[in-house]
Amino acid sequence: MVATNLKAETVGLMDRRAAVEAEMDAIIAALSVPGGPGITGGLVDAEGFPRSDIDIPAVLAQRRKLAELRNDHKDITNKIEKNLEVLHSTKLSRNEPSIPASSGTPASLHSGLSQNDPMEEDAVTRLPFAIIDELTDGSPAAVDGLQLWDEIVKFGNVEAGDRLQERLVSEALSNEDCQVSLVIIRQGSSMNLTVTPRKWHGRGLLGCHFRIL
């Protein structure tokens, strides 16, 4: 019963986080229109006077709201991660049999999970170690299908452990112009993707930032 309640709570938290992400995306889009100030752009002109082409009070209000939403997103994500850790340990302690490979779902993603428990199949299989908190339009990561707030469970050979940022950079560099397989969690659902690190007009080989959780 406790596990069931915790799963229901986690699903609710994931829904709340998705709503927060949608609101953040809307604010970022509004601030980033052509000629707009962006998320951190200056609000004064070259002579040091307030810009007359934008509504400065509205921009400041949007930026404050974005900061609040980012804090909310971090808090919700932390709660989700704690719940997933508890659910994951509960699942391991039950030592349930693995789902047969013939079920059509890779056994590596669902080993040890109950076939009738979609919450555990989606979110508790493996824990994400990073989240994409910055993504540039037109970048290799964006073109290949990654999205803002995707949670990274596996990037090539990198999974949870030590020196994650260093290992992520090394994995991208060593696979330049080669496909790298990823396992991500997007809005509570596990997904498999591939991305090809490559040179483009922007910085890095991917054009996104992984924030370690």
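This is a predicted model: local features need pLDDT of at least 70, side-chain atom pairs count only at pLDDT 80 or more; totals for chains, interfaces and linings use all residues.
Five strands form an open sheet in the order β4-β3-β2-β1-β5, and the pairing is antiparallel. The edge strands are β4 and β5, each of which pairs on one side only. Neighbouring strands are turned against each other by 40° on average, if direction is ignored. At one end of that order, β3 and β4 pair in the antiparallel sense over 7 bridges, and Ile185 has Ser190, in β4, as its bridge partner. As for the helix that goes with this sheet, α6 lies across β2 and β5, and runs at about 150° to β5.

Now to the packing. In soluble globular proteins, nonpolar side chains tend to be buried together. The largest nonpolar core here has 19 residues, and those that touch the most other members are Phe129, Leu146, Ile152, Phe155, Leu182, Leu206 and Phe210. The elements giving two or more residues to this core are β1, β2, α6, β3, β4 and β5. Apart from this core lies another, of 18 residues, among them Met14, Leu31, Leu43 and Ile80.

Which residues does Phe129 touch, if we leave out those up to four places away in sequence? Its contacts include Ile152, Val153, Lys154 and Phe155, then Val158, Glu159 and Ala160, as well as Leu164 and Leu168, and also Arg211, Ile212 and Leu213.

Finally, the backbone has two places that I would like to point out. Most residues other than glycine have a negative phi. Arg163, however, which is found in the loop between β2 and α6, has a positive phi of about 50° although it is not a glycine. Asp177, found in the loop between α6 and β3, likewise is not a glycine and has a positive phi of about 65°.

Are these two residues buried or exposed? The cut-off for exposed is over 50% relative accessible area; Arg163 counts as exposed because its relative accessibility is 53%, and Asp177 counts as exposed because its value is 56%.

Notes:
Residues are numbered from 1 along each chain as its sequence is written. Side-chain values use heavy atoms; hydrogens and water are left out. A nonpolar core is a set of buried Ala, Val, Leu, Ile, Met, Phe, Trp, Tyr and Cys residues joined through side-chain atoms within 4.5 Å. Buried means under 20% relative accessible area, exposed over 50%, partly exposed in between (1.4 Å probe, protein chains only). Helices (H or I, at least four residues) and strands (E, at least two) are DSSP runs, numbered from the N terminus. Contact means heavy atoms within 4.5 Å. Two strands pair if DSSP finds at least two bridges between them. Axes are lines fitted to C-alpha atoms, for helices over the stretch in contact, and angles run from 0 to 180 degrees between N-to-C directions.
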